[in-house]
Amino acid sequence: MKQLAQESMRAVSRKIDPDRKAYSCEIFGYDFMIDEDFNVWMIEVNTNPCFELSSPYLARLIPAMVENALKIAVDPVFPTPARAKQQETLSARRQDNRFELVFNEREDAAELKNLPIDDTMNGIIEEEEMEEEGSDIEEEED
């Protein structure tokens with residue numbers, strides 16, 4: 001699931017924040033399915049996931065997820081005065097966090113810059129597609 005989330009974010013990273021706003025973050029809702037052979041399938045990704053506390057489990061999970069997302073994304077940029085004075089390490093701040101950052105554009109930037117972009121679709125295209133498109137162009141010219 002983590003790998004699918006990382007790959008999906010890499011695939012759309014240039015489209016999600018085309019203006020490259022500094023210090024921005026989002027929480028996405030990923031839906032997965034596990035089949036009878038325990039294969040994981042990503043069903044969809046929601047840019048506006050439901051945060052409804054409709055069950056006791058969700059009433060515990062969702063507030064913890066939001067708080068921990070802020071600890072991961074915001075605290076390193078804007079630490080509270082108490083934390084700044086204590087100079088806590090990042091690992092100490094994440095100690096009680098069961099959630100983790102699966103995509104960080106700053107860390108993945110070098111890899112992302114090398115990905116080909118299809119200007120007509122504003123998306124990343126695979127090398128095989130580039131080769132196939134190149135062969136179509138050669139055939140059309142003949």
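# Close-up views of a predicted model

View 1. Ser8 counts as buried, at 14% relative accessibility; buried means under 20% relative accessible area, exposed over 50%, and partly exposed in between (1.4 Å probe, protein chains only). The model is predicted, so local features need pLDDT of at least 70 and side-chain atom pairs count only at pLDDT 80 or more, while totals for chains, interfaces and linings use all residues. Residues are numbered from 1 along each chain as its sequence is written, and side-chain values use heavy atoms, with hydrogens and water left out. Ser8 belongs to helix α1; helices (H or I, at least four residues) and strands (E, at least two) are DSSP runs, numbered from the N terminus. Not counting residues up to four places away in sequence, Ser8 touches Tyr30 and Met42, where contact means heavy atoms within 4.5 Å.

**View 2. The hairpin of β1 and β2.** Strands β1 (residues 29-34) and β2 (residues 40-46) pair in the antiparallel sense over 6 bridges; two strands pair if DSSP finds at least two bridges between them. The two strands, β1 and β2, form a hairpin with 5 residues between them. In the turn, Phe38 has a positive phi of about 65 degrees. Met42 in β2 is the bridge partner of Phe32.

**View 3. The aromatic pair.** Rings of Phe, Tyr and Trp (its six-membered ring) pair if their centres lie within 6.5 Å; planes under 30 degrees apart count as stacked, over 60 as edge-to-face and the rest as tilted. By this rule there is 1 aromatic pair. The ring centres of Tyr30 and Phe32 are 5.9 Å apart and the planes stand at 10 degrees, so the pair is stacked. Phe32 is partly exposed, with a relative accessible area of 26%.

View 4. Side chains of opposite charge can pair when their charged atoms come close. A salt bridge is a side-chain nitrogen of Lys or Arg within 4 Å of a carboxyl oxygen of Asp or Glu, and the count comes to 2 salt bridges. One of them joins the side chains of Glu100 and Lys2 (2.8 Å, N to O). Glu100 lies in the loop between α4 (90-93) and α5 (105-113) and Lys2 in helix α1 (residues 2-16), so the pair ties together parts that are 98 residues apart in sequence. Glu100 is exposed at 52% relative accessibility, whereas Lys2 is partly exposed at 41%.

**View 5. The salt bridge of Glu67 and Lys71.** The closest N and O atoms of Glu67 and Lys71 are 3.8 Å apart. Both residues lie in helix α2 (residues 56-73), 4 residues apart, about one turn of the helix. Glu67 is partly exposed, at 47%, whereas Lys71 is buried, at 14%.
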